[in-house]
Amino acid sequence: MKVFKNILVPLDGSQAGREALLYALSLAETYQASVWILHVIDLNQYMSSFEQVSGSGYLPQEILDEGQKVLEEVCGLIPAGVTAKTLVKMGRPQERILETAAEMQADLIVMGSRGLGALKQMLMGSVSQYILVHAKSPVLVIR
């Protein structure tokens with residue numbers, strides 16, 4: 001049986017993401033693993049704010065604060081015995097999740113599925129589907 005040491009949990013603020021985190025925290029307690037909680041700021045969602053981003057990579061504080069808020073809302077769920085780290089990154093969620101998984105040598109990625117409608121999923125795909133296809137480590141999708 002595989003022993004997990006580093007579990008990555010990408011969060012988008014959805015209920016499915018919260019459920020994924022609870023599942024990952026349970027696994028972390030069982031395997032004495034570390035949990036990395038990642039929120040990716042997708043700048044495509046902030047097109048009006050995107051114009052405020054300078055060439056130096058500056059992001060408006062409101063956008064950074066929103067990313068931190070997503071993580072702060074779940075910090076109370078972390079049991080005392082579990083080591084957890086939070087990260088906020090910007091970019092395409094699919095790319096940042098895979099990069100972070102590689103950087104931290106994730107043994108497992110646990111993520112929620114927001115259950116996109118059939119047409120929207122066919123046209124755009126989903127982050128969880130992309131991660132399932134491209135991740136080097138096992139992926140557990142929580143519905």
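What percentage of the 143 residues in the chain is buried? Buried residues account for 41% of the 143, where buried means under 20% relative accessible area, with a 1.4 Å probe and protein chains only.

The model is predicted: local features need pLDDT of at least 70, side-chain atom pairs count only at pLDDT 80 or more, and totals for chains, interfaces and linings use all residues. Residues are numbered from 1 along each chain as its sequence is written, and side-chain values use heavy atoms, with hydrogens and water left out.

**Overall organisation**

The chain contains six helices and five strands; these are DSSP runs numbered from the N terminus, with helices (H or I) of at least four residues and strands (E) of at least two. Read from the N terminus, the order of elements is β-α-β-α-α-β-α-β-α-α-β. Of the contacts (heavy atoms within 4.5 Å) between residues at least 6 apart in sequence, 76% join residues at least 24 apart.

**The sheet**

The five strands form an open sheet with parallel pairing, in the order β3-β2-β1-β4-β5. Its edge strands, β3 (83-90) and β5 (139-142), each pair on one side only. Two strands count as paired if DSSP finds at least two bridges between them. From one strand to the next, the twist averages 20 degrees. Eight bridges join β2 (residues 34-41) to β3 in the parallel sense, and S34 has T83 in β3 as its bridge partner.

**Helices across the sheet**

Angles run from 0 to 180 degrees between N-to-C directions, and axes are lines fitted to C-alpha atoms, for helices over the stretch in contact.

| Helix | Strands it lies across | Angle |
|---|---|---|
| α1 (residues 15-31) | β1 (6-11), β2, β4 (108-112) and β5 | about 170 degrees to β1 |
| α6 (residues 127-134) | β4 and β5 | about 160 degrees to β4 |

**The pair α4 and α6**

Helix α6 also meets helix α4 (residues 93-103): the two axes come within 9 Å and cross at roughly 40 degrees. α4 is therefore oblique to α6, the class left after under 35 degrees (roughly parallel), over 145 (roughly antiparallel) and 65 to 115 (roughly perpendicular). The crossing of α4 past α6 is right-handed, that is, the near helix is turned clockwise from the far one by less than a right angle.

On the α4 side, P93, Q94, I97 and L98 meet V127, Y130, I131 and H134 of α6. This contact has six nonpolar, two polar and no charged residues. Here Ala, Val, Leu, Ile, Met, Phe, Trp, Tyr, Cys and Pro count as nonpolar, Asp, Glu, Lys and Arg as charged, and the others, Gly among them, as polar.

Key: Buried < 20%, exposed > 50% of the residue type's maximum accessible area, 1.4 Å probe, protein only.
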